[in-house]
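Me: I have a structure to go through with you. Can we take it piece by piece?
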Amino acid sequence: MAATFHGVGATVAALSSSSSPSNSFGSKKLLSSPSRSFSVRKRASFTVVRSDGSVNFDLNSKGRRAQQLIANAVATKADSSPASSSSKPGHELLLFEALREGLEEEMERDPCVCVMGEDVGHYGGSYKVTKGLATKFGDLRVLDTPIAENSFTGMGIGAAMTGLRPVVEGMNMGFLLLAFNQISNNCGMLHYTSGGQFTIPIVIRGPGGVGRQLGAEHSQRLESYFQSIPGIQMVACSTPYNAKGLMKAAIRSENPVILFEHVLLYNLKERIPDEDYICNLEEAEMVRPGEHVTILTYSRMRYHVMQAAKTLVNKGYDPEVIDIRSLKPFDLYTIGNSVKKTHRVLIVEECMRTGGIGASLTAAITENFNDYLDAPVMCLSSQDVPTPYAGTLEEWTVVQPAQIVTAVEQLCQ
Amino acid sequence: MALSHLAASASRSSSLLKPLSSALSLRRSISGDNSPLTVETSVPFTSHQCEAPSRSVETNPKELLTFFRDMALMRRMEIAADSLYKAKLIRGFCHLYDGQEAVAVGMEAAITKKDCIITAYRDHCTFVSRGGTLLEVFAELMGRQAGCSKGKGGSMHFYKKDSNFYGGHGIVGAQVPLGCGLAFAQKYSKDETVTFALYGDGAANQGQLFEALNISALWDLPAILVCENNHYGMGTAEWRAAKSPAYYKRGDYVPGLKVDGMDALAVKQACKFAKEHALKNGPIILEMDTYRYHGHSMSDPGSTYRTRDEISGVRQERDPIERIRKLILSHDLATEKELKDVEKEVRKEVDDAIAQAKESPMPEPSELFTNVYAKGLGVESFGADRKEVAFLREAMHDYSFLQMEKSFYALSFIAQRSHSSVGTAHPVLIYPGLYWEDSFSTKKEEACA
């Protein structure tokens, strides 16, 4: 079943420009840029968030390029470096558009890829990730399901058993708790209990994490609940570059992959390459190489860490920031090399303190690299409380940059 | 006991058969011929929102004899599994299908191997009817390598991909959404095949069933939901668990058919009808009125919630094998002695398979980590140090005599050992998810260097 048409990178230029890029961190209002061609770029009128000073073109993102300080981790003035000139290749888009691009390219490439979820078809997706796909690919490939997570996740798994590659969207990750049985027992274990007869090449994705006053039930971090399930892979994206790459890699993978997105990161903007690329599902990303301390983080906390890094640099510290990206399995190779270099580890995560990703990562690092550690592993996580509605309280449940700075200072004494 | 009407041609051909059958030697395998035979089902079908199919079923002597043989094989297999369980060769859960064989056999006669079947944990006989061998069954039940899932699944996880048998599921009702997903894939690929998703009367009260039914009806999927109603959901009778035990009507807008599940021919007719219906009009529910002689599983005696009289009553009046036997004898398709010979043959087959299965070895310790993941994108993360994990895996092969439950202690022992012997290399405890099948063979040279 060969794909009948080949996705060309240039078609990406036809991005929807209906949404004005609003950065959720920014306190400054942004002007929407009408022109989307990459030859013209207005400077200093909108904010750019990048993972690094330059764009990653190679899969191996261990980052041995020139050490440019990440001055703009979150919404600040656009950096004045000449790197933001108009002659850069690639195209700029928001994270949800990057996800859509990845999904669209994979759907063009392989007719077995289909999307299932609530409001993904005609509505275009509650976060616009699947906008336009239903009109392009039809109702049989972009399926609007009723509100029945347990059964449509089960159906996606059943379809995957025959060789289809469904991408199941949970409108919010928290709703996937209703499908936990299907994800744990059928998705994760079928490859094993059938003795290898069936593979389940399904992708389960959706936004999770603490948003802006969404309430307790809609601010859940499910990576901690799913991490024990044997047989699944979990990845968390944090930038448009790795969102597209991980989405494509997840779809191509023969294993069931859960792709964790974050509600607040959908409007991040970045310049990504035009050509086809994927990100390795099991690799961590070196965000900022350093010498003094290794900070491990993922998803939204990456931006809090980078903001803290700015302060830390001013104070004279040199943190090494790694976005672990792969939540299951951990990339202990990259992490290990970093620990061997810096001898101090700080984990910053949005999961709960009890039984979260940080807890497992702390255990893994302590078991494997105990001899290299000069200080115990420190883990900053969210408080073990249901996320409150009130804005101030909600702020205190997640880790803030100031806490990260304090933790690093404590660790580096 | 007159059970059926004979077509005129059949009686003529059967009388012709009679002298032939006695003339030929006893060693002749009873294969029968394909001359058509019309038999009436024991009871008419009851339908909901559709037209019931006719009571007259087309069959032929060969098919009837095949039914007899297959059901006798399944019955023998389940009884043998009972003895093996009591001998502690089969552990854990063992759910036996004896009494319900007609459903598996009748269904298989109506469909092809391209149609999909998915069922719950009472799957031994369905697996056999889909083409599984007795060796695979007994080896899997005893947890041996020759099992259909390499010994890693157990009684509740029989699968046969090449004949589209999708298992084998332990959680009640969870297989029905999977079944509707299979139907979705069939519609997606335009296969003109259907999926039979089997579940029990206990599972009929699961919410995910109705969710899946709704979606199947909405998207016109070729899904056939088959409720094997043996009137007891584990230890609770159906009247105590379901307000409305008319499971075939529960689809509301989805048509349903109630079938006598102890009559293999009725099952065959219903499944044929359902397949035609599903390909044209979308989902349909079949309720098979059947009965299990054993308890829910081997740990359930089966007599605390029902009387022994009831069980023996059903066995006398409605047993599927007896019904086919009477049919064969009354049509003179075979003599009683020949049928007894078939049963003896089948018994021997089962015994041979058990003996062969007992010889199959237990899985290797390294099998613990295979098939957790399928091979990835070609880049694997090996843990702290690629060399060390490769070394560890090699060391595991040296320790292959270790038993499964001891392997974790052994691994930590190996880890300590590696620390002392490999200098500055760091001991690595197996971190879940880092094992990839066959990924370390290339790294062996590195480790040995």
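Me: Start with Glu285(A) and Arg325(A). Buried or exposed?
Reply: Both Glu285(A) and Arg325(A) are buried. Keep in mind that this is a predicted model.

Me: What do Glu285(A) and Arg325(A) form, and how far apart are the closest N and O atoms?
Reply: They form a salt bridge, with the closest N and O atoms 2.7 Å apart. Glu285(A) sits in strand E9, and Arg325(A) in the loop between strands E11 and E12 of chain A, so the pair ties together parts 40 residues apart in sequence.

Me: Over to chain B. Which residue does Arg55(B) form a salt bridge with?
Reply: Glu40(B), with the closest N and O atoms at 3.6 Å. Arg55(B) is in the loop between strands E2 and E3 of chain B and Glu40(B) is in strand E1, so this pair ties together parts 15 residues apart in sequence.

Me: How accessible is Arg55(B)? And Glu40(B)?
Reply: Arg55(B) is partly exposed, at 31% relative accessibility. Glu40(B) is partly exposed too, at 27%.

Me: What about Asp162(B) and Lys160(B)?
Reply: Those two form a salt bridge, with the closest N and O atoms 3.6 Å apart. Asp162(B) is exposed at 64% relative accessibility, whereas Lys160(B) is buried at 16%.

Me: How many salt bridges over all chains?
Reply: The count is 41.

Me: New topic. How is chain A divided?
Reply: Into domain 1, residues 90–273, and domain 2, residues 285–412. Their C-alpha centres lie 26 Å apart.

Me: How much area do domain 1 and domain 2 of chain A bury between them?
Reply: About 2300 Å², with 53% of it on carbon and sulfur atoms. Gln213(A), Arg221(A) and Gln227(A) supply 28% of the area that domain 1 buries against domain 2, more than any other three residues.

Me: Polar contacts and salt bridges between the two domains: how many of each?
Reply: Zero salt bridges between domain 1 and domain 2 of chain A. The interface does have 21 residue pairs in polar contact.

Me: Last one. Where is Glu270(A)?
Reply: In strand E8 of chain A, residues 269–272. Glu270(A) is buried, at 2% relative accessible area.

Me: What does the side chain of Glu270(A) reach?
Reply: The backbone nitrogen of Tyr241(A), at 3.1 Å.

Key:
Residues are numbered from 1 along each chain as its sequence is written. Chains are lettered from A and ligands numbered from 1 in the order in which they are written. This is a predicted model: local features need pLDDT of at least 70, side-chain atom pairs count only at pLDDT 80 or more; totals for chains, interfaces and linings use all residues. Side-chain values use heavy atoms; hydrogens and water are left out. Helices (H or I, at least four residues) and strands (E, at least two) are DSSP runs, numbered from the N terminus. Buried means under 20% relative accessible area, exposed over 50%, partly exposed in between (1.4 Å probe, protein chains only). A polar contact is a pair of N or O atoms within 3.5 Å; within protein, one must be able to donate a hydrogen and the other to accept it, and residues adjacent in sequence count only if both atoms are side-chain atoms. Domain bounds come from an automatic or database domain assignment. Buried area is the accessible area (1.4 Å probe) that two parts lose on being put together, summed over both. A salt bridge is a side-chain nitrogen of Lys or Arg within 4 Å of a carboxyl oxygen of Asp or Glu.
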